[in-house]
Amino acid sequence: EEAAWDTDYRIVCVRELMRTMHPTTRYVLEACYLDRKKYKEVAGELGISMSMVKKHLSKALRLIRERLLKK
């Protein structure tokens with residue numbers, strides 16, 4: 001039961017954090033992790049390089065890690 005609450009709490013935290021992310025960072029995170037798109041595909045959609053896609057993902061994941069560790 002506690003594990004379920006912890007998971008729910010983390011989901012709520014990530015959703016709240018995603019609302020505050022820069023729109024491009026949020027889009028890259030959603031496209032790569034939720035829609036399972038390849039970096040190259042996301043880069044083409046946004047007109048940015050694959051390295052920029054990686055930078056946006058790194059930023060998003062860092063923000064999520066920092067938020068969840070504050071818990």
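**Exercise 1.** Decide whether Thr-25 is buried or exposed in this predicted model.

*Solution.* Step 1: buried means under 20% relative accessible area, exposed over 50%, and partly exposed in between (1.4 Å probe, protein chains only). Step 2: Thr-25 has a relative accessible area of 1%, so Thr-25 is buried. Step 3: for contrast, Arg-10 has 36% and is therefore partly exposed.

Residues are numbered from 1 along each chain as its sequence is written. In this predicted model, local features need pLDDT of at least 70 and side-chain atom pairs count only at pLDDT 80 or more, while totals for chains, interfaces and linings use all residues; side-chain values use heavy atoms, leaving out hydrogens and water.

**Exercise 2.** Find which residues Thr-25 touches, not counting residues up to four places away in sequence.

*Solution.* Step 1: contact means heavy atoms within 4.5 Å. Step 2: the residues touched by Thr-25 are His-56, Lys-59 and Ala-60.

**Exercise 3.** State which residues of α2 are buried and what they pack against.

*Solution.* Step 1: Thr-25, Val-28, Leu-29, Ala-31 and Cys-32 are buried in α2. Step 2: the buried residues of α2 pack against α1, α3 (39–46) and α4 (50–70).

Methods. Helices (H or I, at least four residues) and strands (E, at least two) are DSSP runs, numbered from the N terminus.
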